[in-house]
Amino acid sequence: ARETSQVVASTGNTFDEARLYLRELSASEAVPLVGTEGAHYPFWSPDSRSIGFFADGKLKRIRVSGGPAITLCDAPAGKGGSWAPGGDIIFSPTSDGPIHRLSEAGGVSTPITDLNGERGDYSHRHPKILPGGQHFLYLALTNDRKQGPRHAVVVSPLGGGAETVLLRSNAAADYASGHLLFIRETTLMAWQFDVDRLEFTGEPAPVCERIAAVPGAGVAVFSAASSDILACQSTDSVASSRLEWFDRNGRKIGTLGDPADYLEVELSPDGTKAAVGIFEQSPEDGVSPAKQSDIWIYSIERGVADRLTFDHSREDQIAWSPDGQKIAFGRRLPRNPDIYVKTVGEADDAKPLLESDLYALPTSWSPNGKILAFDSLDPETGWDQWILSLGDGAPVPFLKSSFNEADGVFSPDGRWMAYESDESGRWEIYVTSFPGPGRRWRVSTRGGVSPRWNSTGQELFFRSAAGDLMAVAMTLDDGDVLIGTPKPLIEGQLNRPNLAYHYSPAPGGERFLLITDQRGAESLDIILNWTELLP
């Protein structure tokens with residue numbers, strides 16, 4: 001809470017399992033708040049009697065003393081909120097839009113920020129109202145073609161007017177005890193800030209190191225109260241995960257390679273190699289370790305890996321060519337991602353496959369090797385699915401609407417594409433014909449992302465909202481489309497929502513290579529009188 005000695009946290013392996021826990025700092029244990037299942041991004045009311053949060057595609061509030069959670073409005077993909085002293089709530093209802101304003105009684109919200117096209121904004125999120133209630137902070141996720149993804153901490157008048165970029169950071173900032181708290185690399189920094197003049201004084205100083213963060217969400221795990229109390233979670237990202245084999249019954253049957261900070265995994269079409277993205281452990285050339293990664297190729301038989309990419313950038317979103325000889329990938333830094341291709345086992349530099357103004361990340365290579373599907377992020381429509389005819393064609397949109405469509409993957413015969421969309425209000429798996437698109441069929445029933453086909457084309461895998469690996473029987477003919485009931489194969493292992501593809505099916509679908517979490521139990525540290533630590 002802002003003034004008292006309480007802390008609220010969302011705890012759980014996945015969004016579906018999470019709920020809010022409340023703890024008095026003088027108590028030995030936290031207690032769950034009934035009715036907050038699936039809750040995330042909690043925030044306090046000014047009087048510390050209520051908590052706002054997001055769950056089930058809604059913005060909700062609940063009293064600390066007990067009672068039911070009350071739905072205030074729709075928020076399909078809520079990304080943080082803040083409660084004004086006058087009673088209004090400002091919040092981000094989606095992952096690709098502006099900040100909205102709403103009465104604490106609920107109703108219809110209205111946008112109060114505009115996505116700045118010149119700055120390259122594609123999302124405003126994690127607002128924080130400053131003392132006095134006249135201004136608020138928010139994080140603008142940007143992809144400036146000239147400068148790359150340098151997200152902006154912005155201060156804006158609550159009643160509208162000119163806004164100011166205060167600094168650049170990969171995570172949202174907060175204000176407490178006369179200081180702006182923000183993340184630089186993985187260190188929590190404090191900078192004296194005058195909330196009346198909206199100006200910094202002095203120089204920023206470090207407070208805590210190795211702060212846990214989710215770079216893709218633009219959030220780090222820290223919160224400060226006006227009473228000089230700071231809560232933060234530190235992490236050791238070294239060797240935080242490993243590659244493990246599972247069978248269809250969910251049994252662990254082996255490991256591959258050494259522990260590392262794995263980002264994604266993709267088995268080659270013949271199953272003899274595994275391409276993995278690995279986060280770097282130390283910054284080089286000013287690039288944060290949370291953003292820099294390279295691609296390595298494991299030999300399944302030998303269990304050893306050779307490095308494929310060496311650029312000081314973030315290289316990920318792996319797509320194998322159908323013959324297993326090449327890999328397409330996205331290179332994200334220091335600018336918007338372009339698509340590159342490199343031959344496995346050769347020392348030559350990667351060659352650009354697509355350089356354009358599109359924000360492009362590959363998702364799947366067609367079985368005939370002639371087409372590459374890729375995701376593109378549009379400030380107006382969000383994530384869209386595009387296709388590129390290799391060698392002689394310009395990129396064209398395949399799935400583009402007011403909703404998000406992403407992670408399209410070709411079926412083994414090339415006649416269908418599975419993808420994920422949030423048109424229902426949450427991410428679900430769909431399948432449509434190719435080169436359509438024509439009619440589309442929904443595959444998942446209770447949320448799903450990251451589709452992958454069995455090599456037979458008669459089964460589709462995906463990750464459920466609860467972190468389970470699911471399988472669905474598929475019969476896909478021109479006039480006869482039959483989709484079975486999703487069934488869990490491996491339960492609870494895909495519980496790192498910040499990773500896109502942390503599983504890959506082997507040919508035949510009898511075993512799966514997963515990125516599993518090796519971190520121990522994480523704790524939340526409480527620091528009293530934190531400003532006394534500053535120089």
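Mentor: Start with a cut-off. Buried means under 20% relative accessible area, exposed means over 50%, and partly exposed lies in between. Keep in mind that this is a predicted model.

Trainee: Why is aspartate 378 called partly exposed?

Mentor: Its relative accessibility is 23%. Buried would need under 20%, and exposed over 50%. Aspartate 378 falls in between, so it counts as partly exposed.

Trainee: What makes aspartate 378 and lysine 400 a salt bridge?

Mentor: The closest N and O atoms are 3.3 Å apart. The limit is within 4 Å, so the pair qualifies. The pair links distant parts of the chain, 22 residues apart. Aspartate 378 sits in strand β36 (residues 371-378), and lysine 400 in the loop between β38 and β39 (405-410). Lysine 400 has 40% relative accessibility, so it counts as partly exposed.

Trainee: Which sheet holds β36 and β38?

Mentor: An open sheet of 4 strands, in the order β35-β36-β37-β38, with antiparallel pairing.

Trainee: Why are β35 (360-365) and β38 (396-399) said to stand at the edges?

Mentor: Each has a single partner strand, so one side of each is left without a neighbour in the sheet. Neighbouring strands here are turned by 40° against each other on average, direction ignored.

Trainee: How do you know that β37 (residues 382-389) and β38 pair?

Mentor: Pairing needs at least two bridges. These two strands have 3 bridges, in the antiparallel sense, so they pair. Glutamine 385 stands opposite leucine 399 in β38.

Trainee: How many salt bridges does the whole structure have?

Mentor: The search finds 19. Among them is the pair of aspartate 294 and arginine 307, at 2.6 Å, N to O.

Trainee: What makes that pair a tie between separate parts?

Mentor: Aspartate 294 lies in strand β29 (residues 293-299) and arginine 307 in strand β30 (residues 305-307), so the pair ties together parts that are 13 residues apart in sequence.

Trainee: Aspartate 294 and arginine 307: buried, partly exposed or exposed?

Mentor: Aspartate 294 has a relative accessible area of 0%, so it is buried. Arginine 307 has 29%, so it is partly exposed.

Trainee: Why do glutamate 199 and arginine 197 count as a salt bridge?

Mentor: Their closest N and O atoms are 3.2 Å apart. That is within 4 Å, so the pair counts. Arginine 197 is exposed because its 57% is over 50%. Glutamate 199, at 39%, is partly exposed.

Trainee: Which residues are linked in a network of salt bridges?

Mentor: Arg119, Asp121 and Glu163.

Trainee: Which residues form the nonpolar patch?

Mentor: Val221, Leu524, Ile526 and Leu528, with about 310 Å² of accessible area together.

Methods. Residues numbered from 1 in each chain as written. Predicted model: local features only at pLDDT ≥ 70, side-chain atom pairs only at ≥ 80, totals over all residues. Heavy atoms only, no water. Patch = residues over 30% accessible without salt bridge, like charges linked within 9 Å, V, L, I, M, F, W, Y side chains within 5 Å. Areas by Shrake-Rupley, 256 points an atom, 1.4 Å probe, with all protein chains shown as cover. Salt bridge = Lys/Arg side-chain N within 4 Å of Asp/Glu carboxyl O. Axes fitted to C-alpha atoms, helices over the stretch in contact; angles between N-to-C directions. Buried < 20%, exposed > 50% of the residue type's maximum accessible area, 1.4 Å probe, protein only.
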